[in-house]
Amino acid sequence: MTEVSHQQSMAAGPATAGQAVQGDLRDLFGPSTAVFASLAGPAHVVETANPAFFAVIGDERVGIGTTLAELGPDLAGQGFLAPLDRVHRTGEPHTERDVRVVRGSGAHEQEAFFDVTYEPRRDAAGTVTGILVIGVETTQVRHTQQLMAEQRALLEQIARQAPLREVLDGMARCIENLAPQEVLVSVLLADPDGAQLRHGAAPSLPDFYNRAIDGIATGEGVGSCGTAAHRREPVTVTDIATDPLWDDFRDLAKRAGLGACWSTPILARDGSLLGTFAMYHRTPRVPQDSDLALTRVFAGTAALAIERHHSEQARRTAEAHAEAAHAELARAVQAEQQLRAEAEQRATAATELAAQIRAAAATHASAPHPKHCQLGGTHGCSAPAELKVADPWGDSAWGCLSHAEEAILNVRSAFIADEDLGGLAAYLHR
Ligand SMILES: [Zn+2]
């Protein structure tokens, strides 16, 4: 059992679900049952056998006294009788590792692996009279070692922040490849409010099916996944054709060739819904303890991947917001600097203009001019006329200092008339 505890400690580390994971791993390994039988004669009549033997082959009530071929009519087809015949004939013991046995049928069909030894029994004269069969089941050890290796690889992927789709896709394919029977894995991702489920990964389900499922509501009677998400607990539908939870999706499942669907909610550490993890089967099927344990282990792995993805997304969003705020601030600072520079320019220009106006007014004052400002607009201006302004078209007028300044600043073409009180002509001849 040292190997078992070794495996457990390695796999339980990063998953952190603690006790539950330990329990699931125990379920995945299960007890390694020893199988024992004593067979007599060339027809391999079962003389004695333990219950574990009959759990694999045939029925204990009718088993004793019948031949192996009668007990398990399909054994010859699986190649079990040939080595037994050989051992009986040659008297040479035979050992085989990982012998595959298919047990049950239909919804309950399961494969199993055994390390077996066939030991000849001899009478006092040394003649072979029968065979001692001793087997140790290796199914779960075999499966679990592979699965744990795959799960470690997935956890490493999550740790180095591989894209979520990649992790989930890899997880789905790994389970599909390792499962003893054909299984189609689907991961759906919950919307932030948990009201809808979106396509996550389902590499072996047909596209039309994935499209139809994308966006289904979570709720009672919405297939296995919608219901599992709603109930926050696993939903095992062993026969889609008859289960009321599939009333609305039965035809769709039939078109996709799906017979059973076991779904488990993927929950965050705070209990919120992250999505669902489902295993589909082509034919009606009842899950074994090891199937449920497998589901829990990988639902836990999926939870890690999705939570990691969410926190990474949140980090990126926060970074993007900070970047946008920074850019906005930079733009504001730049705009303010520009405005200040423009204001300074205008202030300088105004100061220069004021000086020009004062100097010009001193010379203009000695020339004949109207008494009052002519630039007061419709309301008129009663201030004394002090400065003559002109424009390129030869128009000119006398204004008070403030109206003259206003005209020069606001009427782009206006300028202070020259010393002879002329317009642009004076400048053209310069
Ligand atoms: Zn005026």
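Predicted model: local features only at pLDDT ≥ 70, side-chain atom pairs only at ≥ 80, totals over all residues.

Residues are numbered from 1 along each chain as its sequence is written.

Helix α8 covers residues 164–178, and its 15 residues reach 21 Å from the first C-alpha to the last, close to the 21 Å expected at 1.5 Å a residue, the expected span being 1.5 Å times one less than the number of residues. Its buried residues are Leu 164, Val 167, Leu 168, Met 171, Ala 172, Cys 174 and Ile 175. They lie on the same side of α8, because they cover an arc of only 160 degrees around the axis, the arc being that of the directions from the helix axis to the C-beta atoms. By buried I mean that 20 or more other C-beta atoms, placed from the backbone, lie within 10 Å of the residue's own; exposed means 12 or fewer, and partly exposed is in between. On the face turned away from the buried side, α8 carries the exposed residues Glu 166 and Asn 177.

What do the buried residues of α8 pack against? Their partners are α7 (139–159), β6 (184–190), β7 (196–201) and α12 (289–364), where a contact needs C-beta atoms, placed from the backbone, within 7 Å.

Take the two helices among these partners. The axes of α7 and α8 come within 10 Å and cross at roughly 175 degrees, with axes fitted to C-alpha atoms over the stretch in contact and angles running from 0 to 180 degrees between N-to-C directions. That makes α7 roughly antiparallel to α8, a label for angles over 145 degrees, as against under 35 for roughly parallel, 65 to 115 for roughly perpendicular and oblique for the rest. The axes of α8 and α12 also come within 10 Å, crossing at roughly 170 degrees, and that makes α8 roughly antiparallel to α12. On the α12 side, this contact is made by Phe 298, Thr 301, Ala 302, Ala 305, Ile 306 and His 309.

Now the core, meaning a set of buried Ala, Val, Leu, Ile, Met, Phe, Trp, Tyr and Cys residues joined through C-beta atoms within 7 Å. The largest nonpolar core has 54 residues, and Leu 168, Met 171, Tyr 280 and Ala 302 have the most contacts inside it. Helix α12 gives the most to this core, with ten residues. Not counting residues up to four places away in sequence, Ala 302 touches Leu 168, Met 171, Val 187, Ile 266, Gly 275 and Phe 277.

Finally, the backbone. Most residues other than glycine have a negative phi. Gln 161, however, has a positive phi, near 55 degrees; this residue lies in the loop between α7 and α8 and is exposed, with 12 other C-beta atoms within 10 Å. Arg 232, in the loop between α10 (223–231) and β9 (235–237), has a positive phi near 60 degrees, and with 13 C-beta neighbours inside 10 Å it counts as partly exposed.

Note on methods: Helix = DSSP H or I, 4+ residues; strand = E, 2+ residues; numbered from the N terminus. Contact = placed C-beta atoms within 7 Å.
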